[in-house]
Amino acid sequence: MAELGRRMFLTAAGALATASAVGTHAYASGHARDAGSADEYVDVQLLNITDLHGYLQAAPGSSSVITGAGGRKYTVGGVAYMAAHLERLRADRANSLFFAPGDLFSGWEFPAESLADEPTIEALNRMGMDFASAGNHEFDKSPAFLSQHMVDGISYPTVDWDNSFVDSSGQRFHGADFAYYSANTVWARNGELVLPPYNIEWVDAGQGRRLPIGFIHLTAIGTETMPASYQPGLRTLDQLATANRCAAELKSRGVNAIVLSMHDGAVAGGDFNSGTNPSGPAYELALRCSPDIDAIVCGHWHTAFNMMVPDPDGVPRPFVEAGCHGQIVNEISLRLDPSTGKVVRELTTSTNHPNTRDVAPHPELSDVVKYWAGYGTRRAALPLGKQSASFTRTRNAAGESTMGDLVADWALWAGRQPQGPMNDANLDPAVPADLALIAIAPRIGQAIIAGDLPYDAATNGTVAFGKAWNAVGFGDPIVTATVTGQQIHDALEQQWTVPVGGGLKYAPLAVSANVRYSFDATGPAGDRVDPADVFIDGTALDVTRSYRVAAPSYTLLNQDGYPAFTGFTRPFRHNRDFESFVAYVKERGRIEPAPLNRVTVKNSSAPGARIGATTVPPRLRSAGGKVLPRAEAAMLAAGRPSAEGFRVPC
């Protein structure tokens, strides 16, 4: 198959007739309306997408329709359609750059995620991606995975199982044909940058001359403490100070045109191609960052807007975000002064183009998508092991279930694994876990258990890859951390709360097989568990000593509603949940439901005894009623940073 890179798109001018609607331009000034014929300037086209999250086939139902001017609806998504739109947009443009402000991979579509996100990189390579900012999700596995595998193509540890799959051209994965950057992600141990901070691209100025454009890249603040990208060995630096420092460095190197690509965003109304009442961290930065920055391209918030905002000197510059999941291609047109290389701001335009599906999909990208979808289907059917009976989420009177016990046992196994070959962002060693806890019906957020594991009599209890993958996980790691016995006791007490209006709610924690405990059904919330009734490996809980507990990052970071673990120490990040659970089932070979005897109820028949009402949080839905992907629903339910009530999905 031919490689559909940037050059092929550029030479295919006019090859595709489209019926797509394009948005209305945002203009820096009235003069920009006539800039297309401004031949005395150097024309530069900047195309960008953001937060693709591996959605190659189509945007999920929750984001497959976007709203434009006048309330007009557009059905959008899919890289085959995006490739067709890109081909049209690039036609007759001598200087065109295609980039992204992060979260291109590590998402929630099975064919991409289960195949190490290599399908996403192949699609981006073929569409001619030039460079990208590292978003928080680019660190979902590790910095080494990003730089060594996704960019350089280095395999680890098992070809054709963990990664390095054969792509649609019949070749082994070779990595990205583009580079990743981040100016504010550093190693915690020494403060050194994890990735290069910026890049300089050169555009054709005619008569054998070239002009530089600098691109500064920022990663979302707090990436290292977000549940999916939790990396104890990383830190993120202040965005404003970093952007201004990099802008000054670029200016000192003779770069007079500068673009900021940042994985952080804002909200600015519901029309994807305009901006009203903007708010959020990216907007605050846009108002304050160096006037030497000529355009600001955002991501992370899964919103869409296209507007001009004044720099500190009052001069307008583009401030844009292109939605998520392949909804939009943003286009910024810059005109450079051919003698100085400076952007002629009053001639700048910007447009958000919907990635509509009313055009003929690009045939070669269609082939790429079909190939990986088929690969994903075959991978889902691969047998991992056997099960002797069904595992279900049905809870007994004590709140225990066979599925909960299975997942707690997996978490203990995961928390005892050694450091993996590309797990390079831990500060502390991999001290094995003493016990594991899993929130099976958390106080807030979404349960890590997504479904049952029913026994399949037709296959004699075979557990297939897809069945295990889809039963457990958000894409977050298991973390082993040091806590006190008092914290473990307090977490067990926090299973019970008194809601407004009275009553008693019970949000049970599943415990690993080496733990037994009892609770008093007559006790009030906060005083139901006696430490003397909690046993770990047969020994009573000592509230004064330290233990190593394994739990999902969500739980330890208090996004499941159990704040007792706040202040944990010596964290060690292990593999992501769905990948780790698959590995657990594969290693075990045969799994059997355990007796439901880990949690017992004292005084269950006494007057006033109450177990408490357990409710599993419902799966979140979009405004249109579509069920959100598990990871996105979990992030929304946990309440990510917000602006005026808007919750950032990731």
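Helix α9 (residues 402–414) packs against helix α13 (residues 577–588) in this predicted model. The angle between them is about 95 degrees, and their axes lie 10 Å apart. Axes are lines fitted to C-alpha atoms, for helices over the stretch in contact, and angles run from 0 to 180 degrees between N-to-C directions. The two helices are therefore roughly perpendicular, a term that covers 65 to 115 degrees. On the α9 side, L406, D409, W410, W413 and A414 take part. They meet D577, S580, F581, A583, Y584 and E587 of α13. Contact here means heavy atoms within 4.5 Å. By class, this contact comprises 7 nonpolar, 1 polar and 3 charged residues. Ala, Val, Leu, Ile, Met, Phe, Trp, Tyr, Cys and Pro count as nonpolar, Asp, Glu, Lys and Arg as charged, and the others, Gly among them, as polar.

Helix α13 also lies across strands β21 and β29, running at about 70 degrees to β29. Helices (H or I, at least four residues) and strands (E, at least two) are DSSP runs, numbered from the N terminus. Both strands belong to an open sheet of 5 strands with mixed pairing, ordered β24-β19-β28-β21-β29. The edge strands, β24 (509–511) and β29, each pair on one side only. Two strands pair if DSSP finds at least two bridges between them. On average, neighbouring strands of this sheet are turned by 30 degrees against each other, direction ignored.

Strand β21 (residues 477–484) is largely enclosed by the rest of the structure, because 7 of its 8 residues are buried (under 20% relative accessible area, 1.4 Å probe, protein chains only). An antiparallel pairing over 7 bridges links β21 to β28 (residues 546–552). There, T482 stands opposite R548. With β29 (residues 569–576), β21 forms 4 bridges, again antiparallel. P477 faces R576 in this pair. Elsewhere in the sheet, β19 (residues 435–439) and β24 are antiparallel over 3 bridges. L437 has V511 of β24 as its bridge partner. Helix α11 (residues 485–493) lies across β19, β21, β24 and β28, at about 115 degrees to β21.

An unreviewed UniProt entry lists residues 389–566 as "domain: 5'-Nucleotidase C-terminal". UniProt positions are given in the numbering used here, feature names are shortened, and annotations may be inferred rather than shown by experiment. The span is 19% helix and 23% strand, and its end C-alpha atoms lie 37 Å apart.

Residues are numbered from 1 along each chain as its sequence is written, and side-chain values use heavy atoms, without hydrogens or water. Local features of the predicted model need pLDDT of at least 70 and side-chain atom pairs count only at pLDDT 80 or more, whereas totals for chains, interfaces and linings use all residues.

Conventions. Buried means under 20% relative accessible area, exposed over 50%, partly exposed in between (1.4 Å probe, protein chains only). Angles under 35 degrees count as roughly parallel, over 145 as roughly antiparallel, 65 to 115 as roughly perpendicular and the rest as oblique.
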